[in-house]
Amino acid sequence: FRVDAKGLTPLPVATTYPEIGSWVGVVSHPADLFYMYTQGTVTRYSTNKNDDDRVEKWMGITAEYASGSSGAPVLNRYGAVVGMAALT
């Protein structure tokens, strides 16, 4: 997608997955309410086969987010993206 803005700086993307127990934060906009911030930890990693029989890797976290937060970045303690909110 394209944003009609100039001078924006993208968030860095982490080069490794966070370990279980690592701190994470989520900045999201649930139900069109802007800027909700929560924090928690990585609880587990799991795998799931999607409808195309491709295996997906999922990260479980305790940081809360709600419906409408899909696509929100999950950040490590350095502000790098380690995941994305996808399911509530």
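**Exercises on aromatic pairs and a lysine**

Tyr45 is partly exposed, with a relative accessible area of 25% (buried is under 20%, exposed over 50%, partly exposed in between; 1.4 Å probe, protein chains only). The model is predicted, so local features need pLDDT of at least 70 and side-chain atom pairs pLDDT 80 or more, while totals for chains, interfaces and linings use all residues. Residues are numbered from 1 along each chain as its sequence is written, and side-chain values use heavy atoms, leaving out hydrogens and water.

**Exercise 1.** Determine how many aromatic pairs the structure holds and classify the pair of Tyr17 and Tyr45.

*Solution.* Step 1: there are two aromatic pairs (rings of Phe, Tyr and Trp, its six-membered ring, with centres within 6.5 Å; planes under 30 degrees apart are stacked, over 60 edge-to-face, the rest tilted). Step 2: the ring centres of Tyr17 and Tyr45 are 6.0 Å apart and the planes stand at 70°, so this pair is edge-to-face. Step 3: Tyr17 belongs to the segment before β1 and Tyr45 to strand β2 (residues 36-49), so the pair ties together parts 28 residues apart in sequence (strands are DSSP runs of E, at least two residues, numbered from the N terminus). Step 4: Tyr17 is exposed, at 56% relative accessibility.

**Exercise 2.** Classify the pair of Phe34 and Tyr35.

*Solution.* Step 1: the centres are 6.5 Å apart, with 45° between the planes, and the pair is tilted. Step 2: Phe34 is exposed at 66%, and Tyr35 is exposed at 65%.

**Exercise 3.** Locate Lys57 relative to Tyr17 and Tyr45.

*Solution.* Step 1: Lys57 lies over the face of Tyr17, 4.5 Å from the ring centre (NZ of Lys or CZ of Arg within 6 Å of the centre and within 35 degrees of the ring normal). Step 2: the charged end of Lys57 also sits over the ring of Tyr45, 5.1 Å from its centre.

Terms used. Helices (H or I, at least four residues) and strands (E, at least two) are DSSP runs, numbered from the N terminus.
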